[in-house]
Amino acid sequence: AQIRYSIPEELTRGAFVGDIAKDLGTDVAKLAAANLQVLSDSDSQYFSVNVNTGVIMVSERIDREQLCGQNPRCFLHLKLAIENPVEFYRIEVEILDINDNPPEFPGDEVSLRIYELASLGARFPIQPAQDPDVGTNTLQTYHLSANENFNLNVKARTDGGKFPELVLERALDRELRAFHHLVLTAEDGGSPPKSSKIHITIQVLDANDNHPVFDRPSYGARLVENSPLGTLVVKLNATDVDEGPNGDIRYSLSSHNSAALRQIFAIDEQTGEIRVQGNLDFEEATVYEIEVEAKDMGSPTMEEHCSVVVEITDVNDNAPEVILTSFSSSLSEDAPPGTVVAVIHVRDRDSGEQGKVQCHVSPDLPFQLRKDYEHQYSLLTSTRLDRERVAFYNVTVSASDLGNPPLSRHTILPIALADVNDNAPQFEQVSYEVLVAENNPVGSVLVTVSAADPDSEQNSRLSYSILRAGGTDPGLDPTRYLSIHPTSGQVSAKLPFDYEQTTYLQFHVEVSDGGSPALRNRTLVHVFIVDQNDNAPQVHFPRAGEDSATQFRISPSTAPPALITKVMAIDADSGRNAWLSYHLVEATDPGLFSVALRSGEVRITRALQETDASAHELLVVVRDAGEPPLSTAVTLVVLVEEKGPEALQGSETRATDGGGLPTITLYLIVSLVLISTVSLVGLAVLGVRCL
């Protein structure tokens with residue numbers, strides 16, 4: 001929307017400009033809640049708005065002549081910005097001129113020297129008065145004091161300027177009157193009018209009685225801006241019917257021309273050629289009016305004046321300008337599509353189609369431009385953003401005009417995405433399997449679990465903890481045996497494991513990030529306890545005290561290979577650590593008895609003789625297959641007595657050393673095979689899942 005107000009210049013501070021709340025048709029309270037702001041296109045803040053009343057007021061002195069010079073219309077442009085939702089209103093304030101400046105002549109006096117033979121109708125320009133006001137308040141007319149010889153002619157230029165000329169109406173006679181004193185008054189059209197005066201002194205000279213004459217009263221030319229230096233504008237031609245020096249003509253730029261115009265154009269005093277010697281800029285001036293005078297070399301000199309009007313044609317020599325009215329270099333990654341990132345103002349100093357500007361951004365970026373109104377665009381997000389995919393954008397805003405060829409300007413807007421906690425941590429593995437030897441040292445690291453979070457800073461700071469896994473024996477609390485470092489994920493043993501009590505343990509490790517709210521994930525850890533040979537064999541039969549031996553009695557007639565007894569032992573370990581072997585280490589007569597390596601059966605190996613001792617002591621050692629092996633010894637005393645019982649005979653007496661394995665040993669072997677098979681299957685499944 002656009003609103004226009006008109007106010008006169010030089011209003012006092014606090015002066016009323018307009019009621020924006022009324023003109024927008026909205027409630028004042030809503031404007032205050034919407035954070036109403038006034039944005040000015042100029043460097044000075046000439047206006048302010050009272051958010052409590054919705055009234056726009058003057059905040060600084062406004063001088064129309066200083067702002068707009070001689071432009072007939074003067075405008076100040078404002079933008080009202082309202083939040084929630086973001087809306088812009090364009091306000092155009094026209095500054096009306098008041099008659100606060102009188103016309104001013106460049107001096108208080110001017111002197112003219114006029115030959116007495118000057119022709120009737122000869123014209124003598126007077127430096128004009130300048131009035132910075134415009135319209136009716138600017139210079140309107142001149143008045144000449146009453147006299148007998150001169151009349152006043154006011155020459156109007158195409159740019160609205162008025163130049164006074166003295167016109168000779170009655171012939172001069174130096175012998176009758178050598179000096180004439182006149183008063184010229186400049187008056188503007190204000191109410192009341194303002195005026196100023198200049199005194200004109202005219203000296204009547206004798207001699208040269210013909211002045212130069214141009215072949216036309218005015219000349220016209222057209223140039224394109226940025227014409228190269230030395231470009232010919234026009235060639236003037238003036239003639240003088242006098243002879244000798246009185247007919248020799250010199251051309252020059254009149255003193256009426258401004259200093260700026262003299263820097264742009266130069267004239268050859270001999271040929272009358274006007275050429276370009278400075279920069280022609282259509283944006284600074286579209287037309288130049290050059291006042292030229294031709295003087296002869298008589299004494300006194302006589303002169304003639306003419307005007308050269310030079311029109312400047314615009315070319316596309318100004319690239320568009322991109323101005324950031326509002327810009328946020330940081331944007332949250334969860335910003336919804338349509339979020340305003342920047343408000344951009346564009347302008348081009350050229351005119352017509354060459355001054356129209358179009359803006360665009362790359363279609364490959366998640367941003368788009370929306371045209372709010374002429375010369376203003378808003379940069380919006382077009383899709384959802386993801387900082388983990390792209391964390392930073394350099395958005396190039398390209399502004400191009402419609403010239404031929406077009407000119408363009410590119411502005412890069414750096415936009416960084418701020419992280420939000422939208423990614424849960426992810427473990428490197430779905431599950432972990434750990435083999436731990438029993439009797440492990442306290443504090444040893446069993447496994448290190450690792451997770452990653454693509455978020456940043458606090459949202460990616462991870463913390464690990466141990467939880468009981470579903471299906472675990474309620475009596476096996478993992479936190480009793482294990483601890484985890486909260487930041488490194490190292491799982492350490494708090495107690496040594498005992499394979500004979502616990503062979504397997506599983507638990508969950510939970511990881512949480514530092515976001516708010518925190519996001520979590522879990523992984524399952526399997527801990528398999530590996531048996532160590534930490535238990536010596538235990539003899540179950542024959543039972544004997546610590547320092548005592550077990551006695552057995554046999555008859556002297558016992559024949560080999562009679563079974564004397566059987567040593568039975570078990571080992572709490574498993575696998576090879578529980579494989580037992582029996583050895584006869586010491587004997588009174590080593591050749592009389594033997595011990596089966598696997599079964600522990602003690603047998604007589606030959607018939608007893610009368611020379612054999614009546615008591616035989618046997619030291620049997622039971623040893624496991626661990627590394628290093630552990631063993632237990634048992635002492636047997638065999639007494640030979642006439643009344644002793646016969647040794648066991650029959651099928652048992654015929655048993656050999658390579659007899660079948662004891663039942664308990666068979667069970668241990670079967671258990672070891674089953675555990676090994678389950679472990680191999682589990683490792684194979686894990687390998688397949690990893691692949």
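The model is a predicted one. Its secondary structure comprises 6 helices and 49 strands. The radius of gyration is 59 Å, well over the 26 Å that the globule rule gives for 691 residues, so the chain is more spread out than a compact globule. Along the principal axes, the C-alpha atoms fill a box of roughly 195 × 60 × 35 Å.

The domain assignment divides the chain into domain 1 (3–96), domain 2 (109–205), domain 3 (213–313), domain 4 (322–418), domain 5 (426–530) and domain 6 (538–640). Between the C-alpha centres of domain 3 and domain 6 there are 143 Å. Where contacts link residues at least 6 apart in sequence, 68% of them join residues at least 24 apart.

The accessible surface amounts to about 35,900 Å², and 51% of it belongs to carbon and sulfur atoms. Charged side chains number 52 positive and 98 negative, with the centres of the two sets 3 Å apart.

The peptide bond from S516 to P517 is cis, and P517 sits in the loop between β39 (504–512) and β40 (520–530). Another cis peptide bond joins E627 and P628; here P628 belongs to the loop between β48 (615–624) and β49 (631–640).

Positive phi values occur at two residues other than glycine, E10 and N226, each with phi near 65°. E10 lies in the loop between β1 (2–8) and β2 (16–19) and is partly exposed, at 27% relative accessible area. N226 is found in the loop between β16 (218–224) and β17 (232–235), and its relative accessibility of 36% also counts as partly exposed.

Terms used. Residues are numbered from 1 along each chain as its sequence is written. This is a predicted model: local features need pLDDT of at least 70, side-chain atom pairs count only at pLDDT 80 or more; totals for chains, interfaces and linings use all residues. Side-chain values use heavy atoms; hydrogens and water are left out. Helices (H or I, at least four residues) and strands (E, at least two) are DSSP runs, numbered from the N terminus. The radius of gyration is taken over C-alpha atoms; the globule rule is 2.2 Å times the number of residues to the power 0.38. Contact means heavy atoms within 4.5 Å. Accessible areas come from the Shrake-Rupley method with a 1.4 Å probe; for residues, only the protein chains shown count as cover. Lys and Arg count as positive and Asp and Glu as negative; His and the chain ends are not counted. The place of a charge is taken as NZ of Lys, CZ of Arg, CG of Asp or CD of Glu. Domain bounds come from an automatic or database domain assignment. Buried means under 20% relative accessible area, exposed over 50%, partly exposed in between (1.4 Å probe, protein chains only).
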